[in-house]
Amino acid sequence: RTDAASAAKIFSVPDFVGDTCKAIASRVRGSVAQVPFDQFHRESARLIRQAVFGLDGQNKIRGSCKFDSNNLVITNIDIQSVEPVDQKTRDSLQKSVQLAIEITTKSQEA
């Protein structure tokens, strides 16, 4: 933009990167909490993108997310890994995955 006041607005929030990360993480946690584990496991990338960008009027994932407090626009996310923060949940997930592998292995042996 050419408007200097609008351009300077991004720096009006002291830790705009940290605040943005917290806001996005909160959206993702809230969205993930509403779906069963199996669905999240199958559709994690789509569910995360939907949580970050939201849906438009045609139920399609929007192309960007704007933070009005500082005019920051997020246009893409790079999902490098998906893992629970809570240790108990992480342990349960690992146990579930190991059990699924054992079941698959036994069914192939039979």
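This is a predicted model: local features need pLDDT of at least 70, side-chain atom pairs count only at pLDDT 80 or more; totals for chains, interfaces and linings use all residues.
Residues are numbered from 1 along each chain as its sequence is written, and side-chain values use heavy atoms, without hydrogens and water.

**View 1. Overall fold and surface.** The order of elements along the sequence is α-α-α-β-β-α (DSSP runs numbered from the N terminus: helices are H or I of at least four residues, strands E of at least two). The radius of gyration, taken over C-alpha atoms, is 19 Å, well over the 13 Å from the globule rule for 110 residues, so the protein is more spread out than a compact globule. That rule is 2.2 Å times the number of residues to the power 0.38. The C-alpha trace spans about 70 × 35 × 20 Å along its principal axes.

**View 2. Serine 81.** Serine 81 sits in the loop between β2 (72-74) and α4. Its relative accessibility is 53%, so serine 81 counts as exposed (exposed is over 50%, buried under 20%, partly exposed in between; 1.4 Å probe, protein chains only). A distance of 9.8 Å separates the C-alpha atoms of serine 81 and alanine 45, which are 36 residues apart along the chain.

**View 3. Burial across the chain.** Of the 110 residues in the protein, 21% are buried. Among contacts (heavy atoms within 4.5 Å) between residues at least 6 apart in sequence, 47% join residues at least 24 apart.
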